Amino acid sequence: MRVLIASFQCESNSFAESHPKETDFEYFEGEDIFRKLVVKKIFTENGISVIPSIYANALPSGTVENDIYEKYLQKILRIVEKNPDLEGIYIYVHGSMEVRGIGSGELYLLQKIRKIVADTCLIALTMDLHANIPKEMEKYANIICAYKTAPHIDQQESQIRAAKALVYCLKHGVSPVTHIVKIPMLVKGDTMLTRYEPLKSLEESTRIYEQQEDVFGANLFFGHCWVDAINTSASAVVSSANAEKAERLAKELANRLWETRKQYKFFIEAESPQECVDRAIKGSENRIFITDSGDNTTAGAEGKSLILLKMLLDSETNKKTCVAGITHKKIVDALWEEPDGSEVTITFLDGRSGRVKAHGEILGWAKEIIGRSLTISFGAVDVIFTELRSAFIEKGNFDKANVELTDYRIVVVKLGYLFEELKPFADRELFALTDGASCVELSRLPLKKIMRPMFPLEDFEWKA
């Protein structure tokens with residue numbers, strides 16, 4: 001038996017300015033894909049031959065342009081065409097890739113593959129739990145396994161679950177089906193954290209369902225609100241050898257998630273930008289993080305907003321402060337040759353004068369160096385400007401920029417909830433409800449294509 005393995009991922013944001021370029025994708029092909037994917041051993045230990053395809057993964061961005069999408073799509077399809085008699089296919093995708101002129105990139109990929117392989121070929125997917133799942137995908141995927149944690153800490157576990165399920169089905173001659181229930185709710189993603197109730201118990205239920213011998217995936221998808229598309233919503237998805245059971249369990253999960261729709265709230269202080277700045281300045285904690293949620297680069301935003309920086313500068317705070325990761329290539333280019341300690345004037349900050357503090361590098365999504373950073377001090381406030389969009393999600397990002405995270409009392413990052421790697425450094429978290437491409441207030445987003453009615457934009461009765 002032979003299984004093809006591939007991964008093609010990009011989380012889209014309909015409101016972001018930048019569309020991913022080829023250089024934005026971390027790319028491997030052939031055996032090198034297993035530098036990123038952990039499933040090869042699952043297959044080979046069971047006597048199944050592996051055909052590696054590609055691994056392509058980009059930082060969340062705007063919608064994917066058709067030419068970029070086609071480039072990676074064709075790389076996968078060419079290998080499928082060379083092996084039309086495959087018994088199985090395993091693909092790791094995000095689930096919210098929106099392609100200009102196509103729609104769901106994941107659905108289109110599956111449709112193209114199914115035109116090549118036999119109906120008996122089993123397709124298994126690992127997907128992010130923030131995926132927007134098209135109902136039509138149930139026609140093409142036999143097994144779907146989602147992450148079960150937000151913030152995400154089980155990506156590898158989710159790959160392994162899907163691979164083991166595919167191996168079991170291939171060895172036992174089982175052909176599972178998938179049932180998808182679209183749930184008309186789209187709650188703020190940063191309020192849906194799986195370490196807290198009610199999601200903690202709901203996700204535990206999916207694990208219990210998966211202990212049944214004929215259930216190969218039981219999933220709750222929370223949806224991704226920054227994609228303006230007909231598929232955008234929460235979903236319940238179950239893959240089983242028993243079609244009737246798949247439908248019944250998916251409806252059970254859907255109804256249980258819907259019943260909890262009004263329970264989701266922020267578990268940290270979520271306030272207006274000015275209130276967050278005021279609280280950080282007055283706070284007695286050793287280190288306070290403020291997340292600029294509307295300009296969250298890990299959700300596809302540009303990282304260019306100056307609103308929190310200007311508020312901090314206007315406050316004339318004496319607290320040592322770092323504003324991390326403002327995307328501004330022109331500043332980096334213009335001032336790169338200035339030595340540390342030199343005085344510079346920044347025209348877009350009302351002509352303020354500052355001093356160059358540090359020249360550094362940008363640590364990319366895949367922990368590789370992707371460009372330059374320049375830190376400029378304005379009194380107590382240090383600003384890390386980057387020539388490319390970046391995400392300061394761990395201490396290593398600050399280290400590469402040549403600034404010491406632990407020197408600061410206030411730290412501003414372009415995130416939503418803090419990544420787990422930063423939490424040990426945060427004595428307090430403030431979630432700034434800023435506008436922008438990743439604004440969490442759904443009523444302020446220009447969502448025109450989503451299905452309606454949609455909770456919380458409307459309140460209504462619904463049952464699967």
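P198 lies in the loop between β9 (177-183) and α5 (199-210). In this predicted model, the peptide bond that joins E197 to P198 is cis, with omega at about 5 degrees. A cis bond also runs from F455 to P456, where omega is near 10 degrees. P456 sits in the segment after β20.

That segment leads on to a salt bridge. The side chains of R452 and E458 meet at 2.3 Å, N to O. R452 has a relative accessible area of 47%, so it counts as partly exposed. E458 is partly exposed too, because its relative accessible area is 24%.

The structure holds 40 salt bridges. One of them pairs R428 with E285, with the closest N and O atoms 3.3 Å apart. R428 lies in strand β20 (residues 428-432), while E285 is in the loop between α7 (273-282) and β13 (288-292), so the pair ties together parts that are 143 residues apart in sequence. How accessible are the two partners? R428 has 18% relative accessibility and counts as buried, because the cut-off for buried is under 20%. E285, at 24%, counts as partly exposed.

Another salt bridge joins the side chains of K414 and D295, at 2.9 Å from N to O. This pair also links distant parts of the chain. K414 is in the loop between β19 (410-413) and β20, and D295 is in the loop between β13 and α8 (307-315). The two residues are 119 residues apart. Both K414 and D295 are buried.

Now to the helices. How do α7 and α8 pack? Their axes are 10 Å apart, and the angle is about 45 degrees. The crossing of α7 and α8 is right-handed. On the α7 side, the contact is made by P273, Q274, V277 and I281. On the α8 side, I307, L308, M311, L312 and S315 take part.

E316 is in the loop between α8 and β14 (321-327). Its phi is near 55 degrees, a positive value in a residue other than glycine. Is E316 buried or exposed? At 68% relative accessibility, E316 counts as exposed. N402 is not a glycine either, yet it has a positive phi of about 65 degrees. N402 is found in the loop between α10 (395-400) and β19.

The last stop is a lysine. K148 is placed in the loop between β8 (143-146) and α4 (155-172). Its relative accessible area is 3%, so K148 is buried. What does the side chain of K148 make a polar contact with? The partner is the side chain of E210, at 3.3 Å. Leaving aside residues up to four places away in sequence, K148 touches L129, D154, S158, R161, T194, E203, T206, R207, E210, A218 and N219.

Terms used. Residues are numbered from 1 along each chain as its sequence is written. This is a predicted model: local features need pLDDT of at least 70, side-chain atom pairs count only at pLDDT 80 or more; totals for chains, interfaces and linings use all residues. Side-chain values use heavy atoms; hydrogens and water are left out. Helices (H or I, at least four residues) and strands (E, at least two) are DSSP runs, numbered from the N terminus. Buried means under 20% relative accessible area, exposed over 50%, partly exposed in between (1.4 Å probe, protein chains only). A polar contact is a pair of N or O atoms within 3.5 Å; within protein, one must be able to donate a hydrogen and the other to accept it, and residues adjacent in sequence count only if both atoms are side-chain atoms. Contact means heavy atoms within 4.5 Å. A salt bridge is a side-chain nitrogen of Lys or Arg within 4 Å of a carboxyl oxygen of Asp or Glu. Axes are lines fitted to C-alpha atoms, for helices over the stretch in contact, and angles run from 0 to 180 degrees between N-to-C directions. A crossing is left-handed if the near helix is turned anticlockwise from the far one by less than a right angle, and right-handed if clockwise.
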